[in-house]
Amino acid sequence: MNRIPTPALILGLAGLLPFAYGALSVLWPALGGLGQMWSINHSGRALLQIYGIVILCFMAGVIWGFAAKAEGQQATLFYALSVIPAIFVFLTAFAEPRASLVMLIAGFVALLAIDRSAARLGLAPGWWMRLRLMLTTVVVICLGIGVLV
């Protein structure tokens, strides 16, 4: 089955909304008011950094799920790979926002490579890479706006 299930597609796209809002509030700081209802740190680059950290950790949990479907050394490898993103993003939390966003871009691209490996091994559903490529492209563009603007 290569068709992305509707709930996965809708929820995946919904998960992009904070990235899009963060990027838009970098481009047009006046839009940052919504996030600033919670804190002055919840707009622009800071929002991209915080949400990027959350989602990169969330996606690392998916790798754990791949490991649970694997056996032997493959399982061990994917279990190990699933904890690396959390340690990595811990380091990004202390970096200056632009540097952190560059690190997060690298993290999301690395996760995509892990996802591709899992898909090739039959540990991910047939539609997985279509969804991941679409979502990761948007995430990297939004994070890139935070770096370049």
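Predicted model: local features only at pLDDT ≥ 70, side-chain atom pairs only at ≥ 80, totals over all residues.

Colleague: By class, how many nonpolar, polar and charged residues does the lining of the largest pocket have?

Modeller: Rolling a probe the size of a water molecule over the atoms shows where empty space is left. Here, the lining of the largest pocket has 15 nonpolar, three polar and one charged residues. The volume of this pocket is about 350 Å³.

Colleague: Which of the lining residues lie nearest the centre of the largest pocket?

Modeller: Of the 19 lining residues, Gly12, Ile55, Phe58, Met59 and Leu135 lie nearest the centre. At least two lining residues come from each of α1 (6-14), α3 (44-69) and α6 (128-148). The largest share is from α6, with six residues.

Colleague: And how do α2 and α6 pack?

Modeller: Two packed helices are described by the angle between their axes and the distance between the axes. For α2 (residues 17-27) and α6, the angle is about 25° and the axes are 9 Å apart. An angle under 35 degrees counts as roughly parallel, so α2 is roughly parallel to α6. On the α2 side, the contact is made by Phe19, Ala20, Ala23, Val26 and Leu27, and on the α6 side by Val139, Cys142, Leu143, Ile145 and Gly146. By class, that contact has nine nonpolar, one polar and no charged residues.

Colleague: What does valine 147 touch?

Modeller: Valine 147 lies in α6. Leaving aside residues up to four places away in sequence, valine 147 touches Arg98, Leu101, Val102 and Ile105.

Notes. Residues numbered from 1 in each chain as written. Heavy atoms only, no water. 1 Å grid on protein atoms, 1.4 Å probe; cavity = no way out; pocket = protein on both sides within 12 Å on 5 of 7 lines; lining within 4 Å. Points joined across faces, edges and corners; volume = space filled by probe spheres on them. Helix = DSSP H or I, 4+ residues; strand = E, 2+ residues; numbered from the N terminus. Nonpolar A, V, L, I, M, F, W, Y, C, P; charged D, E, K, R; others polar. Contact = heavy atoms within 4.5 Å. Axes fitted to C-alpha atoms, helices over the stretch in contact; angles between N-to-C directions. Parallel < 35°, antiparallel > 145°, perpendicular 65-115°, else oblique.
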